[in-house]
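Here's a quick briefing to read with the structure open beside you. Have a look at the fold, then work through the topics below.

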Amino acid sequence: MSTHHDGCRKSLTLPVIGLGAVIFLISVVGFLGALKDISILLWVYLITLFIVLVGILVFTVLVFIVTNNGSGHSVTGLRYKEYQLQDFSSWFLKELNNSHNWERLKVCLVKSEDCNNLSKKYKTLKQYKSAKLTPIEAGCCRPPSQCGYPAANASYYDLTFHPVSPNNDCKRYKNSRAIKCYDCDSCKAGVAQYMKTEWRVVAIFNVVLFVVLSIVYFVGCCARRNAARRHSKA
């Protein structure tokens, strides 16, 4: 994670290392409790691990709830979907419409060079129209298709054409490399879709981690029971 160019993924490095360190310390406590037959350490291990399990479960459920909406809209003639901000959950709307949050996300996820490189990647208009753009490229590098602006190439649209939609993004879009559609709702929707995809991966990882730790927790309960029996016999 620390080798990624965007700051958003880099910022996850410490939390992930922290979670790993906590689980490792809990495991050491449980191991010592089972090895030395110390009942109090086993209780500390089981209670702490139970709290971690509940935390993982709650976080995973919330992620699935938050990322449940925003399926995207197919557009005739395009190989990719366009996303609209209002289709996403209220949490996404609140976070992305907050100017401070949006500036921070825009800096680490929306790269101007990605938009500028489209004209190099797709040299002809035919190639560009048949391209499969990412949600961020589709939302931030071009105006929404409902605006009806004719494309001259991958980085330039004829803005003299009167937009056929009242969508405010049609007015926000500019051909300037520094502006494009970076402050459009369609750009925020593209970022929301990217975050949704990434968070789903995290949620699936959490489900696997929850299952593994639940098995370990069950083994820990058996170890505590056996320790209690040995103490009672003694």
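**Surface and overall form**

The accessible surface of this protein is about 13,900 Å², and 65% of that belongs to carbon and sulfur atoms. Keep in mind that you're looking at a predicted model. In secondary structure terms, the protein has 11 helices and 4 strands.

- The radius of gyration is 25 Å, whereas a compact globule of 234 residues would come in near 17 Å.
- Along the principal axes, the C-alpha atoms fill a box of roughly 90 × 30 × 30 Å.
- As for burial, 35% of the 234 residues count as buried.
- Take the contacts with a separation of 6 or more: 60% of them come from residues 24 or more positions apart.

- An unreviewed UniProt entry lists residues 12-34, 40-66 and 201-220 under "transmembrane region".
- Residues 40-66 are 100% helix and 0% strand, with 39 Å between the end C-alpha atoms.
- The span 201-220 is also 100% helix and 0% strand, and its end C-alpha atoms lie 28 Å apart.

**Disulfides**

- Cys-115 and Cys-141 are joined with an S to S distance of 1.9 Å, and at -75 degrees about the S-S bond the link is left-handed.
- Cys-140 is in helix α9 and Cys-187 in helix α11, so the pair ties together parts 47 residues apart in sequence.
- Cys-140 is buried at 0% relative accessibility, and Cys-187 is buried with a relative accessible area of 0%.
- Cys-147 and Cys-170 form a disulfide with their sulfur atoms 2.0 Å apart, and it's left-handed, with -95 degrees about the S-S bond. Cys-147 lies in the loop between α9 and β3 while Cys-170 lies in helix α10, so the pair ties together parts 23 residues apart in sequence. Both Cys-147 and Cys-170 are buried.

**Two cysteines to check**

- Is Cys-221 buried or exposed? Cys-221 has a relative accessible area of 18% and is buried, because buried means under 20%.
- Cys-222, at 26% relative accessibility, counts as partly exposed.

**Aromatic pairs**

Across the whole structure, a search finds 7 aromatic pairs.

- One of them is Phe-88 with Phe-92: the ring centres are 5.8 Å apart and the planes are at 70 degrees, so the pair is edge-to-face. Both Phe-88 and Phe-92 are buried.
- Another is Tyr-157 with Tyr-173, where the centres are 5.7 Å apart and the planes at 85 degrees, so that pair is edge-to-face. It links distant parts of the chain, with Tyr-157 in strand β4 (residues 156-157) and Tyr-173 in the loop between α10 and α11, 16 residues apart. Tyr-157 is buried, and so is Tyr-173.
- Phe-88 and Phe-92 turn up again in a cluster: ring pairs link them with Trp-91 and Trp-199.

- Asp-37 has a positive phi, near 60 degrees, though it isn't a glycine. You'll find Asp-37 in the loop between α2 (13-35) and α3 (39-66), where it's partly exposed with a relative accessible area of 23%.
- Lys-180 isn't a glycine either, and its phi is positive at about 45 degrees. Lys-180 belongs to the loop between α10 (169-172) and α11 (185-233).
- Is Lys-180 buried or exposed? Lys-180 is buried, with a relative accessible area of 2%.

Note on methods. Residues are numbered from 1 along each chain as its sequence is written. This is a predicted model: local features need pLDDT of at least 70, side-chain atom pairs count only at pLDDT 80 or more; totals for chains, interfaces and linings use all residues. Side-chain values use heavy atoms; hydrogens and water are left out. UniProt positions are given in the numbering used here, feature names are shortened, and annotations may be inferred rather than shown by experiment. Helices (H or I, at least four residues) and strands (E, at least two) are DSSP runs, numbered from the N terminus. Buried means under 20% relative accessible area, exposed over 50%, partly exposed in between (1.4 Å probe, protein chains only). Rings of Phe, Tyr and Trp (its six-membered ring) pair if their centres lie within 6.5 Å; planes under 30 degrees apart count as stacked, over 60 as edge-to-face and the rest as tilted. The radius of gyration is taken over C-alpha atoms; the globule rule is 2.2 Å times the number of residues to the power 0.38. Contact means heavy atoms within 4.5 Å. Accessible areas come from the Shrake-Rupley method with a 1.4 Å probe; for residues, only the protein chains shown count as cover. A disulfide is a pair of cysteine sulfur atoms within 2.5 Å.
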